[in-house]
Structures are given as structure tokens and as C-alpha cells.
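Reader: I would like to learn how to read a fold, feature by feature. Where shall we begin?

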Amino acid sequence: MTSNRTSFTSTNASRRLLALGLGVTFAALGGAIPASAQTTGSTATVRAGYTGSAQEAADSKAFFEAVLNSVARKQAANPGLQSVTVYYNVSQAPSFRSQISSAASIWNSSVSNVKLQSTSGSGDFSYYEGNDSRGSYASTNGHGRGYIFLDYAQNRQYDSIRVTAHETGHVLGLPDHYSGPCSELMSGGGPGTSCTNRYPNTTERTRVNQLWANGLAKALDKLNKVR
């Protein structure tokens, strides 16, 4: 399965995965493991460094566009909708329900052109949990669907709500910027484990509002032309 990924990077050069593997974790949850979230051994090397690459920027853009197109299809089918809502499903990340809810509340209080809402049905994207040496990340499956993977070890090492809010920022269109300060949510793990800021700064909030005002309009226009 083709995957596009952008992650909250860890500072450790390497770390041992927890004894409980991804296969056992997802089997217990009754869900399928995204292929890009699987690991093959008990140890692995963590991607180090905080300089966002061109590939990461492209992956973030692909993830945002997958969610945007999903929302646009619903808007086109229901032209009377007054607000743009992105629906997410947390059934495959039960350990992180509180953090996900907090992250959604942070974004909902920070931006006005798009809102996040939980659903028990098929959402515009989903959250998963487990062990992955690459840490937490936002990804697409190559078929227009997006998901966020939350890594157990990384969420113990870093402020868990910051990690979740950061990854959720990719849903809303923001790329990684690891060289940024702690006050910048999308700096991810760049500022180190002591950084506990969970809120987007003014620039990030403004950018999300612009993306959802202009991006959704373009997506709807594209859908209408295809019909």
C-alpha cells in the first residue's frame, strides 16, 4: 500500500520497541494495521534530525488534500451545510481518546473556518495507536484516505497532547517545521522534550483559516467541473 507520511520526529538515535508488537495491539483492537505503520523487528532506528525535507512537505500536502477532498464531497452533496466540519474516528486509538479530544478542542478554539468533530462512523480520517520506531505521524494510504498514527513510546517521552495536536495540524494543512521554536506547534519534537506548548501560534492559525477558506472553494470547484 502506497503511503505518504509526515511525522513528529524523536531526538533519540535509536530505541527498543515495547514488547507488545503492532500486530498484537491492532488485533486486540479489532482493527487492520495500516501497512505503513507496521514494524518488522524488536529494535529499529529512529529517524533523527529536525530539518523538514521536500518529501515531508509533499507528504503533508497529500494528507491535507485527501482530507480536503473528502470534506468537499460531503459539502457538494449537501450544499445547505453552513459550516465546514472534518469528522474523525478514534475507535482504533482508545488509549488516546482524551488527548485527541483535547487536541480537537484546541484547534476548534483556535480557528474559525473549519471544525473537528468525532464520529463513530466513517470519518474523513482516523487515529490509530501502537508502537513504531519512527514515532507518531500523519499519513495517506495512496487511495484518498488519511490517518494519524500515535506512537506509545513517543507519547510518553513528549507532551502527549502536543504530539496529538501537532499531528492533527497536518490534517488542517500545516507542514512540519522542526527548526521552529517551542511556541510554534508544528516545530514538533524540534525544541526537545521539555516543550509542552499545545497551541498553534498566530501564523499557524491564520494559515489554517486561509487554507480552509480558499482550499475548500477550489476543491468544490474542481468537483463541480468533473460532474
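Reader: What share of contacts between residues at least 6 apart in sequence join residues at least 24 apart?

Author: A contact means heavy atoms within 4.5 Å. Here the share is 71% in the protein chain. This is a predicted model: local features need pLDDT of at least 70, side-chain atom pairs count only at pLDDT 80 or more, and totals for chains, interfaces and linings use all residues. Residues are numbered from 1 along each chain as its sequence is written, and side-chain values use heavy atoms, with hydrogens and water left out.

Reader: How many helices and strands does the protein chain have?

Author: Six helices and eight strands. Both are DSSP runs numbered from the N terminus: helices are H or I, at least four residues, and strands are E, at least two. Their order is β-β-α-β-α-β-α-β-β-β-β-α-α-α.

Reader: Which way do the residues of β7 point?

Author: In a regular strand the side chains alternate between the two faces of the sheet. In β7, S136, A138 and T140 point one way, and Y137 and S139 the other. All are buried, meaning under 20% relative accessible area with a 1.4 Å probe, protein chains only.

Reader: Which strand is joined to β7?

Author: Strands pair if DSSP finds at least two bridges between them. Four bridges join β7 to β8 (residues 146–151), and the two run antiparallel. S139 stands opposite Y147 in β8.

Reader: Why is α5 called largely enclosed?

Author: Because 12 of its 12 residues are buried, α5 is largely enclosed by the rest of the structure. Among them are H166, E167 and H170. After α5 comes G173, with a positive phi near 110°.

Terms used:
Buried means under 20% relative accessible area, exposed over 50%, partly exposed in between (1.4 Å probe, protein chains only).
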